[in-house]
Amino acid sequence: MIPVLEIGGTHVTAALVDLPGRRVAHRTVLPLDPHGAAGEFLARVRRCAAGLPVPPGARWGVAVPGPFDYATGVARFAGVGKFEALYGVDLRAALLGGLWHRPGDVVFLNDAHAFVAGEWFAGAARGHRRAVGITLGTGVGSAFLADGRVREDGPGVPPEGRMDLTEAGGRPLEDTVSRRAILARYGDPAADVRDVAERARAGEERARLVLARALTVLGEALGPRLADFGATALVVGGSIARSWDLVAPALRGGLASGGWAPDDGGTGAVRLGGTGAARHTRAMTPAGSAGDAALIGAARAAVPRGDGRREHARHAGHTGAEGRPADGA
């Protein structure tokens, strides 16, 4: 079992992952205050991790949003509206010295990368040679995967693989597609995105239009990139994606306008060839409801390349779209 942490904008999750079995065996979730003090943040993370039955010396995987120095484990949050009290904090040292399990090492990776890697290895993007994942919440997280490896350049890939660095209509994409942008456009200071979604379902036209505009713009920005990248799967996660009944129609329309029309109706289903084998074309699907993807992705990052467990996981039935072993698992 591999111990992992997933740090989100409003929560921290600690879990044990059975990587060969592609499952999360144990999970604890605690809320986080994104505007709290650094000491409070660290205490909450340690408390969440403390319940895991982990032997000393284990190698932990930690998925965390940016800005963050993933190589050194130092937080660089600034100007993003969360965790700014952590700026300059060596989170790696804090975990190595602060977890009672006394880890042997801690490996960090971007939370969107962890999410897409997990979906590719064990979830909605499994079997696709080229997949893209988007997380929608406080911002727009993204990752472009080719044969299970994150790509940060090449055809269709935005700078550093980050859609949050792109523009739509001459403005940063997150000025239209993010929690703060949706709420600012909706104009009710007492509402959250969940409230806007509920009002849209109840028939409120303003709420429906605000959500539809944001997701259409996202689709129009993503469509050309997915086409150029040759993606056969788009997986959408994050808190906003939980309202998939509202997200899917507008996003699908924007993607089609941008030149990448999902041919599964946005359900995540795949077409079958004459032999009954899956033929992955252009599937758009929400993340798995269990929320395991980022945890599994973090566990994969924690296993050194060449480790026997990783090799076992790579060859335990994981295949590419044409039925052969997929590279980079």
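In the predicted model, 13 salt bridges are counted. One of them links D147 with R129, whose closest N and O atoms lie 2.4 Å apart. D147 belongs to the loop between β9 (140–146) and β10 (149–151), and R129 to the loop between α3 (111–122) and β8 (130–136), so this pair ties together parts that are 18 residues apart in sequence. With a relative accessibility of 19%, D147 counts as buried, and R129 is likewise classed as buried at 19%; the threshold for this class is under 20%.

A further salt bridge joins the side chains of R162 and E160, with an N to O distance of 3.4 Å. R162 is also bridged to D164, where the closest N and O atoms are 2.7 Å apart.

β8 and β9 form a hairpin with three residues between them, and their pairing is antiparallel over seven bridges. Within this pairing, T135 stands opposite G141 of β9. β9 also pairs with β10, again in the antiparallel sense, over three bridges; here F144 has R151 of β10 as its bridge partner. The β9 and β10 hairpin has two residues between its strands, and D147 in the turn adopts a positive phi of about 55 degrees. Seven of the seven residues of β9 are buried. Both faces of the strand are covered, with V140, S142, F144 and A146 buried on one side and G141, A143 and L145 buried on the other.

In soluble globular proteins, nonpolar side chains tend to be buried together. In this model, the largest nonpolar core comprises 44 residues, and the residues with the most contacts inside it are L136, L173, L218, L234 and L251. At least two residues of this core are supplied by each of β8, β9, α4 (179–186), α5 (193–201), α6 (205–229), β13 (233–237) and α7 (244–257). The greatest contribution to the core comes from α6, with 12 residues. When residues up to four places away in sequence are not counted, L218 touches I134, L136, L173, V177 and L251. A second, separate core contains 30 residues, including L30, F41, A49 and A58.

An open sheet of five strands is arranged in the order β3-β2-β1-β4-β7, with mixed pairing. Its edge strands are β3 (23–31) and β7 (105–110), each of which pairs on one side only. On average, and with direction ignored, neighbouring strands of the sheet are turned by 20 degrees against each other. Strand β2 (residues 11–18) pairs with β3 in the antiparallel sense over eight bridges, and the bridge partner of T13 in β3 is V29. Helix α2 (residues 91–98) packs on this sheet and touches β1 (2–7), β4 (59–64) and β7. The direction of α2 makes about 140 degrees with that of β7, whereas α3 lies across β4 and β7 and runs at about 90 degrees to β7.

Methods
Residues numbered from 1 in each chain as written. Predicted model: local features only at pLDDT ≥ 70, side-chain atom pairs only at ≥ 80, totals over all residues. Heavy atoms only, no water. Salt bridge = Lys/Arg side-chain N within 4 Å of Asp/Glu carboxyl O. Helix = DSSP H or I, 4+ residues; strand = E, 2+ residues; numbered from the N terminus. Buried < 20%, exposed > 50% of the residue type's maximum accessible area, 1.4 Å probe, protein only. Core = buried A, V, L, I, M, F, W, Y, C linked by side-chain atoms within 4.5 Å. Contact = heavy atoms within 4.5 Å. Pairing = 2+ DSSP bridges. Axes fitted to C-alpha atoms, helices over the stretch in contact; angles between N-to-C directions.
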